[in-house]
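Open the model in your viewer and keep the selection panel at hand.

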Amino acid sequence: MDGKFDNDIQAVVDADRAHVWHHLIQHKPFETGEPRVIVEGKGMKVWDQKGKEYLDAVSGAVWTVNVGYGRESIADAVRDQLVKMNYFAGSAGSVPGALFSEKLIEKMPGMSRVYYCNSGSEANEKAFKMIRQIAHKKYGGEKHKILYRDRDYHGGTLAAMSAGGQDERNMQYGPFAPGFVRVPHCMEYRKEELGLGHLSGRDFGIAAANLIEDVILREGPETVGGLCLEPVTAGGGVITPPEGYWDRVQEICRKYDILLHIDEVVCGIGRTGTEWFGYQHYGIKPDFVTMAKGVASGYAAIACCVTSEAVFDLFKSDPSDKMDHFRDISTFGGCTAGPAAALENMRIVEDEGLLENCAKMGERFMANLQALMDKHDVIGDVRGKGLFLGAELVKDRSTKEPVTEADVGAVVAECGNLGVIIGASNRSIPERNNVLCFSPALIVTAQEVDAITDAVDKALTKVFG
């Protein structure tokens, strides 16, 4: 793998420019310039159409390729499965679907059932629909409201955006579905926004969770059926929960009979280190866990909505009632490529000790970011867990005024010039898209971690002096 291609792919680039509608990007510049086409990948590296080599510090740009590029064993597993049996609707089972569900549940004590679908947005929609149906089955439809957190993101469908805590991402797409209610974020760095500037540590964490209870009491506990949260907030700023927060959240859910839905689309399958899922660091006992991205590291489309047996039992209480079961289907939840890839993906994580590597390299990465913070006043805060990290850039540490998005973009671009792809919060929070984001594959080495942060050091120096 050297990024040199035998064939001229200009025709590919021309076709892309003429016909492909890219995600998250303004296309006007392509009228005179070229879109980037990623042609090959191996390990931590990718090559574009010009043969330029990049070290990928964001796992396919959106926290997905957890085991790295070029895994022939996953491709082989998918190919073999597709030849044997490629698809049958999820009303019937499949061999890889059964085997992966068993393997997955072994990693999730307290959970028991896997509903297959094809994206994180869809997985979250399934949980929302289950909560709504439970409201009708048990509470006459009254306990139907679903709480979501400021700065969290749960997908791009209209219902998922109705539970989206990123105002800029939601702009111009409303009106949204009723019955979704926002609760405050839990970012200690921005605690003044919550009126909790006088608190810190565990006291802040408990107080931030109590703000959720305040919303429940305002709405009426008898109307609230579910609470949907990311274990670590992703695109809204890479926000790790403060000490005491999750214990108090669990207490509140139990007190008011509220189903707890944990969105692991980004954090799942080892991203946070030592544990398979982010929620497992905090002793949470969820009712729903949704996941996608790293489940198959992008080698096939797969997402899962996982529930407890108690939730599952609610949908088979009366076989004579045609409305009793979960009346839902996901067409591509019946594809066998996803669970086939996921099985091999999980084997790789286990056999290569990638949870342990994630934790070890995450510590090194955080230490490097903290050293950069000592050197560059523009870094106001660094935070994260495992290989899921962020650095918030501010004009002034005392006021915490964010740097401009243009300056954030300049840092990202300069890292790209240096051959390193990093991320940044993008069209998420108005005037708060100022966080550099890092999520390298779990295979990352110490040398590669240092190369990433060295590029960030150089980029910050060039942009800010």
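**Stop 1: a loop with a surface patch**

Select Tyr-173, which sits in the loop between helix H7 (167-170) and strand S6 (180-183). Helices (H or I, at least four residues) and strands (E, at least two) are DSSP runs, numbered from the N terminus. The model is predicted: local features need pLDDT of at least 70 and side-chain atom pairs count only at pLDDT 80 or more, while totals for chains, interfaces and linings use all residues. Residues are numbered from 1 along each chain as its sequence is written, and side-chain values use heavy atoms, with hydrogens and water left out.

Together with Tyr-173 they form a nonpolar patch on the surface, with about 300 Å² of accessible area. Accessible areas come from the Shrake-Rupley method with a 1.4 Å probe, and for residues only the protein chains shown count as cover. Patches are made of residues with over 30% relative accessible area and no salt bridge; like charges are joined within 9 Å, nonpolar side chains (Val, Leu, Ile, Met, Phe, Trp, Tyr) within 5 Å. A salt bridge is a side-chain nitrogen of Lys or Arg within 4 Å of a carboxyl oxygen of Asp or Glu.

Now select Pro-175, also placed in the loop between H7 and S6.

**Stop 2**

Show the strands as a cartoon. An open sheet of 7 strands runs in the order S4-S10-S9-S8-S7-S5-S6, with mixed pairing. At the edges are strand S4 (113-117) and S6, each pairing on one side only. Two strands pair if DSSP finds at least two bridges between them.

Zoom in on strand S5 (residues 145-149) and strand S7 (residues 224-229), which pair in the parallel sense over 4 bridges. Pick Ile-146: its bridge partner in S7 is Gly-226.

**Stop 2: positive phi values**

Go to the loop between strand S9 (288-291) and strand S10 (303-307), and select Lys-293. Phi of Lys-293 is positive, near 25 degrees, although the residue is not glycine.

Ser-297 is in the loop between S9 and S10, and has a positive phi of about 55 degrees without being a glycine. Buried or exposed: which describes Ser-297? Ser-297 counts as buried because its relative accessibility is 1%, whereas Lys-293, at 24%, counts as partly exposed. Buried means under 20% relative accessible area, exposed over 50%, and partly exposed in between (1.4 Å probe, protein chains only).
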